[in-house]
Amino acid sequence: MNDPRPPAESIAFTVNGAPVAVRAAPATRLADLLRDELGLTGTKIGCNAGDCGSCTVLLDGRQVCACLTPVAQAGGRAVTTIEGLGRDGRLAPIQAAFHRHLGAQCGICTPGMILAAADLLARHPNPTEAQVQDGLGGVLCRCTGYRKIVEAVMDAAAHAPLPAAPPAGSALGARALKADGVAKVTGADRFGADGIPADALWLRVVRSPHARATFTLGDLDAVRRAHPGIEAILTAAHVPANGYGIYPDVKDQPVLAAGEVRYRGEAVLALVGSRAAVEALRDDALPIHWSVQSPVVGIDAAMAPGAALVQAAKPGNFLVEGQVRSGDTAAALRDCAAVAEGRFETSFVEHAYIEPEAGWARRTGDRVEIHVTTQTPFMDRDEVALVLGLRPEQVRIVPTACGGGFGGKLDLSVQPLVALAAWRLGRPVACVYTRPESMMATTKRHPARIHARFGADAQGRLQAVEFDALFNTGAYASWGPTVANRVPVHAMGPYRVANASTRGRAFLTNEPVAGAFRGFGVPQAAIAHEALMDDLAEQLGLDRLEIRRRNALRAGDTTCTGQRLEASCGLPQCLDALDPHWQAALADAAAFNARGGPVRRGVGIGCMWYGIGNTALSNPSSMRIGITPEGRVVFHNGCADIGQGTNTTMLQVVADAAGLPMEAIQWIAGDTDLTLDAGKSSASRQAFVSGKAAQLAGQDLRARVLAATGAAEPARISLEAGVLRATDAAGEHVLPLQGLPVNANGFVIEGTGRFDPPTTKLDAHGQGIPYATYAFAAQMAVVDVDTELGTVKPVRIVAAHDVGRALNPQQVEGQIHGGIAQGLGLALMEEYLAGRTENLHDYLIPSVGDVPPIEVILVEDREPLGPGGAKGVGEPALIPTPPAILGAIRHATGVQMRFVPVLPHRLRAALTGGGEPGPQEARPHP
Amino acid sequence: MSLYLRPESLNDALAALGRQPLTVLAGGTDFYPARVGRPVDESLLDISALAPLRGISETSDHWRLGAATTWTDVIEAPLPPLFQALRQAAREVGGVQIQNAGTLGGNVCNASPAADGVPALLALDARVELASRSGTRALPLADFITGPRRTARAADELLTAVLVPRHGLAARSRFAKLGARRYLVISIAMAAACLEWDTTGRVVSARVAVGACAPVARRLPALEAALAGRALGPALGEAVSEAHLAPLSPIDDVRADAAYRLDAAGTLLRRLLSTLGAEAAFP
């Protein structure tokens, strides 16, 4: 086939000060040229549409999106990429400031952010916050909530030195800089699309444009023959075991659809060949003969009698149910002094990590190796083995840096496709999702419809909770069962209540697969339980913080699953810490509103609890650390660092346990051939579960070192070339390492640790010990509501979190900031509509101008089981924010919004409609 | 095989346009987003090397803004208060990256109903200049944009400039944009207004336009008429009535519903005129 693109021309310009001359088609996006031809992969591609700014470079000193710049327009000009900022191996001041302030979490937006900042700082060396926001407004970040980025830019001119690493024995709890921070601020970190071999074939997935249809395929061999450069067209028939899924007994999602599609965006074919060939062969040129059917859309349609079945094996489109029952709820509700009742509804929410799914695979003999952005290396390994009909040991997952996950990279995406193609063709095969593809094909947060009743006595003590949630789980099970089981446990909120009847049910629809998303349904539930707590306070004339204090779970209380909480229940302390801010904010709002005008100020509060780790399931982590014959200490860390910082926090924990300084330890993260299984980066479990395993591994290593050297505690250990030294009260013990037997992991001394949090199964009434520990939090939001426009401007957030122990307070703050930003998005702007918001300009996530100042208060009510007392914070950070914002809107206006997101037109309609808008009234237009 | 032409003279550009259909490319900020995941395989005329198309100049009766003038050029140009609306709009076009690359001509020719630059240019009474091998013509912006993504540009024509007339009176303009987030947001509704007044502080003429509330941005002649003759000051906002919004015909989409857009347009206009009236009265 003739290449229709314009012919290559010679184009000369400078990159980072050095002249380059390239031959390229003049319309080639500069971002592609920088990455693919010049190897400057620090320039990231998040959307190819100018919506995210992650490809920002400087052109003659001005920030532009390299994805929107034709190479021809770079001719004769100066291009600066992230690789050009530092000099002589030293960080530029703005890079150092990002590193110092934790301006990078996952790091995928960091190069673009830093270049936007460099442009700004060249014009305004000491910018105001408003100038920083204007300068960085074109770059989206999904991890940080922007606050630490803004701090970093405002502090860049200070040229402050980087803090020293914490000394041995004091890493846990220190504000240690990210162990991979320099790689993130220099653009050197390699993400899913950054290390693709030059000889890799490219794989493009052909996806269904229909939500429900059957199809037949014509002569694909003829297509392949007619399109030189296309090496293979893979179909369902090529997949040895064409079903995968999170649960061992639910493998309902095909790698490639077999004659039937169940949601828009489902994978149908995989085109494999040269990149130019697979991109040029358009979907409408393929012989796919569709028979389109009316899709099942929404929970009502799924539950309707006689509804079409999304999956033939699932009668009534019913997937799963979870429940918790304690006491006699109906009787208790009858005796309550106040009963609050409400219906609430939430939308599909997109993870919108800035890095789209990407990876590549190669076959090595009878094994296949997959380099991929992921949250769960070992589960990926087992799932890929399953669909390829291989043993798990035949599959190796090498996680790349992960440019944000938030639950969305817990499900398979490119992994089985590139593995299948590489296995069959014997050549490396790569796949990088486009932004629209990432949005249409991958999982979402479950839309929820909740009906709940909360009853209290005259003193505001919660007596009974009745809670029924329906979840739209989309076309396949994914993590639907997790949501349906986790929500009933958490549905009453972090409160003591004797009588509860809570239930979660998930139904299949022909909509995007709803899977894991930061909180597994609990954020949706929190919107309901917190609104009803506000209702009870209003009915009883109680302060909203006070009613929560009266009900807050404390150590010694028993939960609705019958679990006695032994320790680490810090909600009362969180509320106490919040109280002065709450009182001051209420007074400030009253004064503000007394001045009149269309803008009304309101203050709201949200509380939450969150069980750490899998619900009533074993979820062990194992860690390993060893000493090589050369005297190097190497930590095999099985956690996938998805930006939350486990490359650093696990190192802090293991270093202290071993009694070594952090910088003395080299580390390998998440390679399934090299590390032990540390489970998934999900359920806020890594700090608690993997952290404990890391601590045990470090302690084990130390014990073995002492045994090998004959030293006794207290001792100090150190390593130098080939020699281990331990110094105790008796003096120095020296152990030469050369000549000691080396084990299969390359170690002469090795420590391992394993931790599986003690839980039990839940019985038919949801009774048991679903989690070994719980995180708690209370957040307060102040918002300004423009009552004439229906717009909501968050003014300030105060977040008090019981994290048990902050392994790294700076990282915990970063997690809280980022969670709050996502919670703000959920509350105010994020609504995924299949076919309509499959990009980052119709689907809105918060920008740098949308996240208000955040004050973080860390409460450290130590968890005896956790490493140093740590629990977890990743998901807890998001959960209280939406109810706090909704409560603030209600406080400002008197209107309780029960459908999120609260887009301006919905709030304005509620404000002018007279009466409370129920979810039905607030439904979006179809 | 398709073409990529990047001429340095306008004559060469117009000759090329006369020879074959070409897609015109300037800042690329609308071009590439429409081609995500697809190879660029059409023939292109890149006008970014046409020096005369970029920049702002002045004559005795109008300002001339070259079609390839970027939003950053507008922000940084020493323009009089008449242009405040355009400068404010320029700051709301995407992020700084888009402002550095995107052009006035591209914004106008892309003809999005939500084009941030168009309400301000309508309020400035702008005309567009179109050139072809057979000559040059100018027509009012309102006549140029004929519908969503449709313009009166012939296939062999190039939009070369936006012309803003001098009316010889004291003048000032203002722009407001409403979106669901602070940056990088497609407008739910926009409003722009320009007032010209006499030495006694009375409005001689007003031009008011609303964007994202109709297939194309619309002037509001009844409101303009109602403003004429009024005294400058914050009370100008009170001139807005529901009937003035009759030219608008908003739609429901993912950003807002039609009723809200109409309601919000009224609020934006009241606030805009109030502020603008005050600015003009007490500069």
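I began with β27 of chain A and its neighbour β28, residues 723-728 of chain A; the two pair in the antiparallel sense over 5 bridges. Within this pair I found Ile717(A) opposite Ala726(A) of β28(A). I note here that the model is predicted.

I then looked up the sheet these strands belong to. It is an open sheet of 3 strands in chain A, in the order β27-β28-β29, with antiparallel pairing. Its edge strands are β27 (716-720) and β29 (731-736) of chain A, each pairing on one side only. I read an average twist of 20° from one strand to the next. Helix α20 of chain A, residues 686-709, lies across β27, β28 and β29 and runs at about 90° to β28(A).

**Helices α16 and α17**

Next I turned to α16 (residues 522-540) and α17 (residues 544-551) of chain A. Their axes come within 9 Å and cross at roughly 110°, which means that α16(A) is roughly perpendicular to α17(A). From α16(A), I listed Met533(A), Asp534(A), Leu536(A) and Ala537(A) in the contact; from α17(A), Arg544(A), Ile547(A) and Arg548(A). I sorted these contact residues into 4 nonpolar and 3 charged, with no polar ones.

**Chains A and B**

Last I checked where the chains touch. Chain A brings 55 residues to the contact and chain B 43. On the side of chain B, the elements giving two or more residues are β3 (44-46), α4 (96-101) and α9 (258-281). Of these, α4(B) gives the most, with 5 residues. By class, I noted 24 nonpolar, 10 polar and 9 charged residues on the side of chain B that touches chain A.

How values were computed:
Residues numbered from 1 in each chain as written. Chains lettered and ligands numbered in written order. Predicted model: local features only at pLDDT ≥ 70, side-chain atom pairs only at ≥ 80, totals over all residues. Axes fitted to C-alpha atoms, helices over the stretch in contact; angles between N-to-C directions. Helix = DSSP H or I, 4+ residues; strand = E, 2+ residues; numbered from the N terminus. Parallel < 35°, antiparallel > 145°, perpendicular 65-115°, else oblique. Contact = placed C-beta atoms within 7 Å. Nonpolar A, V, L, I, M, F, W, Y, C, P; charged D, E, K, R; others polar. Pairing = 2+ DSSP bridges.
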